[in-house]
Amino acid sequence: MGNLVTMDDLTNDDIVSVLDDAERLLPVAKGDIVLPLLQGKVLANMFFENSTRTRMSFETAMKRLGGSVLNFSSVGTSVSKGETLYDTMQMIDGYADIAAIRHPRQGAAQYSADAVGIPILNAGDGAGNHPTQTMLDLFTIRQAHGTLEGLNVVLVGDLRYGRTVHSLSHALVRFGASLTLVSPSSLKMPVEIVSDLKSHGAEVTEKESLDGQISNADVIYMTRIQKERFPDEEEYAKVAGIYRIEASSLVGAKKGMIIMHPLPRVDEIAPSVDSTEFAKYFQQAFNGVPTRMALLCRSLGVEVPKKVK
Amino acid sequence: MSEMRRVTAIRNGTVVDHIPSGYAMQVIRILRINTDRATPVSLVMNVPSDKLGRKDVLKIEDRELDQEDLDRLALIAPAASIAIIRNHAVAEKMRVELRDNLVNIAKCSFPNCITKSNREPLPQRMKVVSREPLEIRCYYCGRGQEMDELIENII
């Protein structure tokens with residue numbers, strides 16, 4: 001079973017093992033070592049919704065491992081002629097060995113995984129889950145802190161529609177994180193998710209203001225307030241730009257604290273933060289490559305060698 | 001007077017006992033009993049019960065509930081006991097059991113769920129994530145529904 005639809009598809013041991021694989025694959029991800037582990041394999045990048053980083057890092061990951069990639073977008077294809085997702089996925093089941101799927105509707109990845117025989121990696125389903133992003137987020141956190149255990153993590157911004165924070169919060173509480181959820185009341189974390197987090201015994205605090213949250217944080221995870229998910233412009237205008245971190249906001253932050261962002265950012269992190277020791281978001285974007293390499297190997301049943309050279 | 005005698009005994013049909021107090025109307029709905037038609041239905045509400053404190057009882061004439069009915073019933077009356085009556089005697093007793101997966105029983109209410117794509121050939125699926133308290137979510141998108149909402153969305 002190589003599917004990755006939600007973080008529930010991975011145990012904590014699986015997570016650690018994938019992160020270890022990703023770490024060993026770092027020189028391959030950078031192009032310093034050639035390691036064609038996935039030669040002859042084909043990845044279908046099924047993007048029914050726009051993507052920059054996720055699609056490109058999947059493509060780089062597959063190509064760095066010697067595999068090839070079919071890029072699909074719903075514009076100008078049979079989808080615009082009215083083909084169902086089911087039929088499109090049946091076709092791809094015959095063309096590729098594995099598929100990464102992004103879709104505007106929640107549940108599309110689970111539906112696809114049930115419909116086909118090849119492994120499905122959920123690359124974002126509506127405001128649902130984005131587990132491969134979570135894996136690269138965890139990789140980035142572990143890289144900075146040396147552990148995933150017991151961290152104070154502040155999640156900021158659009159927690160309602162932001163799929164990255166949905167998957168990430170689920171994973172973090174399994175490693176004993178304390179979570180502070182900072183969002184405007186209209187963009188709070190869905191009640192189902194808060195209830196799940198608390199049922200794991202996690203300390204979860206909900207706030208509307210970022211004031212006073214920085215000094216105790218090990219990780220601050222900023223997200224964009226996503227204009228495209230708002231039903232109307234006026235509602236968006238009420239909350240756009242309410243959280244902004246500048247270099248000067250970080251006086252008093254713990255040493256080793258990191259600021260993350262799934263990107264793209266609008267104005268929630270000022271460019272002045274980029275040159276501080278706290279900024280990890282570009283590193284995080286790169287980490288998509290080794291992490292997705294490790295996930296592709298896992299789903300295709302290909303073992304990453306203990307020594308990569 | 002026993003609560004079972006508050007309405008006349010039926011000749012053929014089904015008695016649904018131990019419905020949570022106040023929920024008999026929802027049971028009628030969930031079992032898709034067409035109240036406009038000639039089916040006689042007797043309904044007892046809010047009578048004392050040793051098991052539940054208070055309960056509702058429903059007697060449906062000339063209809064025997066089947067497994068699919070029981071799966072639906074389990075959503076709102078997980079403690080219900082069912083007696084199939086034939087010729088004035090109890091011919092069969094059944095209990096409802098809430099399954100972990102509910103297929104084509106209720107629709108997801110979330111507008112952006114994949115199940116809202118009408119042309120996709122997919123069943124409506126719900127999963128039971130907790131029994132006490134009862135919590136049911138869409139298998140695909142994970143959206144939960146309160147009981148009242150779920151009853152509105154019964155297929």
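How many bridges join strand S1 of chain A to S2(A), and do they run parallel or antiparallel? I looked: six bridges join S1 (residues 42-47) to S2(A), and the two run parallel. I noted one of the pairs: Val42(A) has Ser68(A) as its bridge partner in S2(A).

Ground rules for myself. This is a predicted model, where local features need pLDDT of at least 70 and side-chain atom pairs count only at pLDDT 80 or more, while totals for chains, interfaces and linings use all residues. Residues are numbered from 1 along each chain as its sequence is written, with chains lettered from A and ligands numbered from 1 in the order in which they are written.

Next, the sheet. I find four strands in an open sheet of chain A, order S2-S1-S3-S4, with parallel pairing (strands are DSSP E runs of at least two residues, helices H or I runs of at least four, numbered from the N terminus; a pair needs at least two DSSP bridges). S2 (68-73) and S4 of chain A are the edge strands.

Then the domains, whose bounds come from an automatic or database assignment. Chain A splits into domain 1 (7-130 + 287-299) and domain 2 (131-285). I get 20 residues from domain 1 of chain A and 24 residues from domain 2 of chain A in the contact (C-beta atoms, placed from the backbone, within 7 Å). On the domain 1 side, helix H1 (12-24), strand S4 (120-125) and helix H10 (281-299) of chain A each supply at least two residues.

Last, the chains: 16 residues of chain B are in contact with twelve residues of chain A.

Key:
Contact = placed C-beta atoms within 7 Å.
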